[in-house]
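Me: I have a structure open that I have never looked at before. Could you walk me through it?

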Amino acid sequence: MVHAELYDLCPLATRSTQRPQWQLVMKLLTQGDAQAVLVLKEAQIELERRHQLEVRRRLEVVGATAHFLLEPRRSRREVLGRGGG
């Protein structure tokens with residue numbers, strides 16, 4: 001079930017902490033009103049890899065998941081930068 005459909009019109013270089021729609025997404029996830037977020041590409045939330053990892057860790061803390069529809073799936077270890085290779 002889709003809880004909300006949100007559109008972020010901020011420039012891509014805008015940090016997630018400055019995106020009003022992303023803040024609403026995090027509020028829904030934190031309150032348990034949603035469990036996952038669907039986004040076309042991770043760069044639509046954060047451009048820099050280190051900031052993408054911050055977002056993923058924040059999602060993990062609230063028990064939420066993110067699905068990036070136009071990107072290949074990566075292992076949890078790859079996503080969180082915890083692992084060899």
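Predicted model: local features only at pLDDT ≥ 70, side-chain atom pairs only at ≥ 80, totals over all residues.

Reply: Residues are numbered from 1 along each chain as its sequence is written, and side-chain values use heavy atoms, with hydrogens and water left out.

Me: OK, how many helices and strands are there in the protein chain?

Reply: The protein chain has three helices and two strands, and along the sequence they follow the pattern α-β-α-β-α. Helices (H or I, at least four residues) and strands (E, at least two) are DSSP runs, numbered from the N terminus.

Me: And what share of the residues is buried?

Reply: Of the 85 residues in the protein chain, 29% are buried, where buried means under 20% relative accessible area, exposed over 50%, and partly exposed in between, with a 1.4 Å probe and protein chains only.

Me: Switching to helices, at what angle do H1 and H2 cross?

Reply: The axes of H1 and H2 (residues 49–61) cross at roughly 25° and come within 10 Å; axes are lines fitted to C-alpha atoms, for helices over the stretch in contact, and angles run from 0 to 180 degrees between N-to-C directions. H1 and H2 are therefore roughly parallel to each other, since angles under 35 degrees count as roughly parallel, over 145 as roughly antiparallel, 65 to 115 as roughly perpendicular and the rest as oblique.

Me: Which residues make that contact?

Reply: Trp22, Met26 and Leu29 of H1 meet Val55, Arg58 and Leu59 of H2, contact meaning heavy atoms within 4.5 Å.

Me: New topic: is threonine 14 buried or exposed?

Reply: Threonine 14 lies in the segment before H1 (20–30), and it counts as buried because its relative accessibility is 19%. Leaving aside neighbours within four places in sequence, threonine 14 is in contact with Arg19 and Ile45.

Me: What does the side chain of threonine 14 reach?

Reply: It reaches the backbone oxygen of proline 11 at 2.9 Å.

Me: So where is proline 11 found, and is it buried or exposed?

Reply: Proline 11 is also found in the segment before H1, but at 57% relative accessibility proline 11 counts as exposed. The C-alpha atoms of proline 11 and glutamine 44 are separated by 9.0 Å, with the two residues 33 apart along the chain.

How values were computed:
Polar contact = N/O pair within 3.5 Å; in protein donor to acceptor, adjacent residues only side chain to side chain.
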